[in-house]
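User: Please take a close look at a single residue of this chain and describe its surroundings. I would also like to see how that residue sits within the chain as a whole.

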Amino acid sequence: MIRAAISEDANEIATLFFRSMPAPWRASAVEDAIHSPTSVVWLWEENGKILGALILQVCLDEAEILTIATAKEARRRGIGRSLIAYALKEIGREVSVFLEVRSENKAAIAFYKTLGFSVYGMRKRYYRDPPDDALLMKFGKF
């Protein structure tokens, strides 16, 4: 089930991010996003356990997916796809959505392309630990 995150979810979401990515968000940053008027945090929860989370920042007619993760044991079940589809539906068709993804993360790039995102640029040496370029992807009117 998808629902909006609340403060009490911040630690569990941060743990999910810690287990899923090289540079995870801390619980305090997740909580800041939960309370920010320009961010939304949605999560996928089953039986009281958070299996996926997405943080999106919205400004007028643009939005950026800041981060998304699915628990390793729940991958390939459509949770990430459902979270993004839900976000796109909630923010509306008139909003363009952007994201950055590691250029070496071929699975994520292919995943985003199946959702209708396209590559429009690159940021050289954007990521550290490990070093990598960022591909810039977009969905929407721009």
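Analyst: In this predicted model, 57% of the chain's contacts with a separation of 6 or more are between residues 24 or more positions apart. The residue examined here is Tyr126, which lies in strand 6, spanning residues 118-127. Leaving aside residues up to four places away in sequence, Tyr126 touches Glu100, Asp132, Asp133 and Ala134. With Glu100, the side chain of Tyr126 also forms a polar contact of 3.1 Å. Val101 is 25 residues from Tyr126 along the chain, and the C-alpha atoms of these two residues are 9.9 Å apart.

As for solvent, Tyr126 has a relative accessibility of 41% and therefore counts as partly exposed, the class between 20% and 50%. In the chain, buried residues make up 42% of the 142 residues. The accessible surface of the chain is about 8300 Å², and carbon and sulfur atoms contribute 52% of that area.

Read from the N terminus, the elements follow the order β-α-α-β-β-β-α-β-α-β-β. Along the principal axes, the C-alpha atoms fill a box of roughly 40 × 35 × 30 Å. The radius of gyration is 14 Å, which agrees with the value near 14 Å for a compact globule of 142 residues. Finally, the chain carries 20 positive and 18 negative charges, and their mean positions are 7 Å apart.

Key:
Residues numbered from 1 in each chain as written. Predicted model: local features only at pLDDT ≥ 70, side-chain atom pairs only at ≥ 80, totals over all residues. Heavy atoms only, no water. Helix = DSSP H or I, 4+ residues; strand = E, 2+ residues; numbered from the N terminus. Buried < 20%, exposed > 50% of the residue type's maximum accessible area, 1.4 Å probe, protein only. Contact = heavy atoms within 4.5 Å. Polar contact = N/O pair within 3.5 Å; in protein donor to acceptor, adjacent residues only side chain to side chain. Rg over C-alpha atoms; globule rule 2.2 N^0.38 Å. Areas by Shrake-Rupley, 256 points an atom, 1.4 Å probe, with all protein chains shown as cover. Lys, Arg positive; Asp, Glu negative; His and termini not counted. Charge placed at Lys NZ, Arg CZ, Asp CG, Glu CD.
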